[in-house]
Amino acid sequence: MNIRISAIALSVLFGLSLAADPRMEQGAIFEAKGNYEMALGEYRAMLAENPKNSDAYFAAAEVRVKMKDYSGALANYRLAYKFNPTMSAAYEGAAKVYEALGQKAKAAEERAKKYAKNKKKKFLKVKKIRV
């Protein structure tokens with residue numbers, strides 16, 4: 001039951017329905033069981049089909065953090081926000097990795113990127129006024 005709840009929580013976090021790609025759910029199940037390599041395998045399979053899948057990169061980064069593979073996690077977080085510049089969680093994840101490595105200045109840089117992208121996103125949503 002807890003594994004199912006974790007999969008649902010991850011899907012809500014990513015804004016996905018569980019039906020979007022069953023490999024995302026399966027990866028979350030493997031992750032919840034501590035089978036990180038199998039979880040990464042699910043996310044790699046998704047990326048083989050769609051190399052710009054920011055959700056798969058983000059999920060892989062989260063697994064790599066649990067594995068303490070910080071360089072791999074940073075690479076995956078960066079790819080996640082490269083393909084989805086408004087994915088705040090990816091910037092925050094990278095910042096937390098830098099904090100774990102004791103690099104507070106780089107963590108602050110990642111957070112600054114997050115705020116800059118979100119500010120730009122809000123600016124672009126402003127409706128045009130007809131005159």
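**Note on helix packing and charged pairs**

1. Helix α5 has 14 residues and spans 20 Å from its first C-alpha to its last, close to the 20 Å expected at 1.5 Å a residue. The model is a predicted one. The buried residues of α5 are G72, A73, L74, N76, Y77, A80 and Y81.

2. The count of aromatic pairs comes to three. One of them is Y57 with F83: the ring centres are 5.9 Å apart and the planes lie at 25°, under the 30 degrees required, so the pair is stacked. Y57 belongs to helix α4 (residues 54–66) and F83 to helix α5 (residues 70–83), so the pair ties together parts that are 26 residues apart in sequence. Y57 is buried, at 11% relative accessible area, whereas F83 is partly exposed, at 28%.

3. There are eight salt bridges in the structure. In one of them R23 meets E49, with an N to O distance of 3.0 Å. This pair links distant parts of the chain, since R23 sits in helix α2 (residues 22–32) and E49 in helix α3, 26 residues apart. E49 is exposed, with a relative accessible area of 59%.

4. E42, also in the helix α3 run (residues 36–49), is buried but has no salt bridge. Leaving aside residues up to four places away in sequence, E42 touches R23, Q26, G27 and F30.

5. K114 and E92 form a salt bridge in which the closest N and O atoms are 3.0 Å apart. K114 is in helix α7 (residues 104–124) and E92 in helix α6 (residues 88–100), so the bridge ties together parts that are 22 residues apart in sequence. Both K114 and E92 are buried. These two residues also belong to a network of salt bridges that links E92, E99, R111 and K114.

6. A further salt bridge joins the side chains of E110 and K113, at 3.2 Å from N to O. The two residues are three apart in helix α7, which puts about one helical turn between E110 and K113. An α-helix has 3.6 residues a turn, so residues three or four places apart point the same way.

Notes:
Residues numbered from 1 in each chain as written. Predicted model: local features only at pLDDT ≥ 70, side-chain atom pairs only at ≥ 80, totals over all residues. Heavy atoms only, no water. Phe/Tyr/Trp six-rings, centres within 6.5 Å; stacked < 30°, edge-to-face > 60°. Helix = DSSP H or I, 4+ residues; strand = E, 2+ residues; numbered from the N terminus. Buried < 20%, exposed > 50% of the residue type's maximum accessible area, 1.4 Å probe, protein only. Lys, Arg positive; Asp, Glu negative; His and termini not counted. Salt bridge = Lys/Arg side-chain N within 4 Å of Asp/Glu carboxyl O. Contact = heavy atoms within 4.5 Å. Expected span 1.5 Å × (residues − 1).
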